[in-house]
Amino acid sequence: MAAGARYFCTAGRGLEPFLAREVRGRLGATEVDYVLGKVFFTTAAGPGELKGLKSGERLFLLLKKRVPLSVSSNKGKMLHEIKSLLTEEPESCLDVIATWRKLRSHEGKKDEVSQENPSPRKRKPEEEINIASKRQKTEQVREIVSEECQGEAGKNCVALEKSDQDCQTESKASLEGPPESSVEKPIENEKQSFSFRVSCRCSGAIAKILTSQEIGRAVGIALRKQFGWRADLRAPDLEIFLHLNDIHSVVGIPLFRLPLANREYIKTAGLRSTVAWAMASLAEISVGAFVLDPMCGLGTILLEAAKEWPEACYWGTDTSDSQLEGASVNIKTAGLNDKIELFKASVKALPLASESFDAVISDIPFGKKFKITKDIQLLPDILQEMERVLRVGGIIVLLLNQDLRKRMDGIAKNVENESLNAISDGAGETTAVKALNNDGNSSSLGTGVEEPVLSCGQMCFGSLVPDGIYEVSLGKTDAFIYKYRKISTAGN
């Protein structure tokens, strides 16, 4: 058995293979496996390394993972089976909790050190609260709840953990800061003064029989009887998280208070940070490379890339003064003024030399500043300009919505004068090498769930050859990451 603790990390739909690759490379993880919305792995990495994951949402220590529960009309039988997930092997449960305590103690020491030696760029407490509050509303609810529910009969998903009032109280408590007990108060004995709460999320068939409130209440009573713990909904020492659906039954302990996707170095959030990091990871950024985002907006892609690959040079352009101002503030907050250059310019006519960049990464706006219904004729100009400034062998990575994806396929079809069919919305998509899973590790998405793959059914655009397409979710919107490689000088 591999050394280290067993974890699972939630991920936005479509980002599971990116996260699986990341935990192998960043954490040296073994026994890597993933299903829709979650990646499971084993690692001996410490809290600092775990907190450095860029493509994940929330990280948990794994208490139990089983096949889906047997659904029946007998609620009592089902509740008994759910309670047994935690009570049938109490020693195993306490071992995982001991690991959690050790990780939390290490994290607490790190926090004490950082307070004694504050960084010059450390935000004021009121700024941290405001930023955490804003991001909690815009990212945590949308990304964590929405992502895990999508693809699993989402309309049946029960996301509430308790009553609405309880959830509001817990949300308010989390924005005020981490519970004192979870960081400072030592837990001397599992059977004495140990407080807990149960969070439950159900979807699929089980949600038609039992509510999250019923499950949380039953599990809470069972844990109190088994271990002598006391319930505390507001500031518990420990949170037990259950996710029950048609794919599996999973129980875990959250390792950090805020999602991994909440970047402390981003003052104003633009594109979802996990997607921005995934896009940058496809660009094959090397030491000394020149990287351009010609529609940089608030600069999220540049920030994620520069934080991860600091030995490259980054440039961002945009036509909006307000967006450039926001990007400038973000760059200053992140301490990356020496890494990223910004200037005002149109992507249709970049004041840059031909073949001067190794990678171009961009999130093409979704019908707000770029009116796809009226100005679709501008898309070829944008692509040609990106192609022009890219060096031979360089990479272009674009984020497109469904409409722009269809336009892109249509443009490429016209340029190549070929009659290839555009990709369908799911079924019948041409598949190719699974580049993100080429190390022999398991990466099954489970029964009835399609695994993200590269597609080679896309047409070339000039000197740009398609090198993959990845469907990802932005919450309520589906998007597609296109990757192209330039094989010759533009026009040849």
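This is a predicted model: local features need pLDDT of at least 70, side-chain atom pairs count only at pLDDT 80 or more; totals for chains, interfaces and linings use all residues.
**Overall make-up**

The protein contains 13 helices and 15 strands. It has 492 residues, and 51% of them count as buried. When contacts between residues at least 6 apart in sequence are considered, 78% join residues at least 24 apart. The accessible surface comes to about 21800 Å², and carbon and sulfur atoms account for 50% of that area.

**Strand β9 and its partners**

Strand β9 pairs in the parallel sense with strand β10 and also with strand β12. The table sets out the two pairings.

| Pair | Residues of the partner strand | Bridges | Partner of valine 291 |
|---|---|---|---|
| β9 and β10 | 313–318 | 4 bridges | tyrosine 314 |
| β9 and β12 | 357–363 | 2 bridges | alanine 359 |

**Lysine 54**

Lysine 54 lies in the loop between α2 (47–51) and β4 (59–66). This lysine is buried but has no salt bridge. Its nearest side chain of opposite charge belongs to glutamate 304, at 5.1 Å, whereas a salt bridge requires the charged atoms to be within 4 Å. Leaving aside residues up to four places away in sequence, lysine 54 touches several residues, including Glu22, Arg26, Arg263, Tyr265, Trp277, Glu304 and Glu308.

Methods. Residues are numbered from 1 along each chain as its sequence is written. Side-chain values use heavy atoms; hydrogens and water are left out. Buried means under 20% relative accessible area, exposed over 50%, partly exposed in between (1.4 Å probe, protein chains only). Contact means heavy atoms within 4.5 Å. Accessible areas come from the Shrake-Rupley method with a 1.4 Å probe; for residues, only the protein chains shown count as cover. Two strands pair if DSSP finds at least two bridges between them. Lys and Arg count as positive and Asp and Glu as negative; His and the chain ends are not counted.
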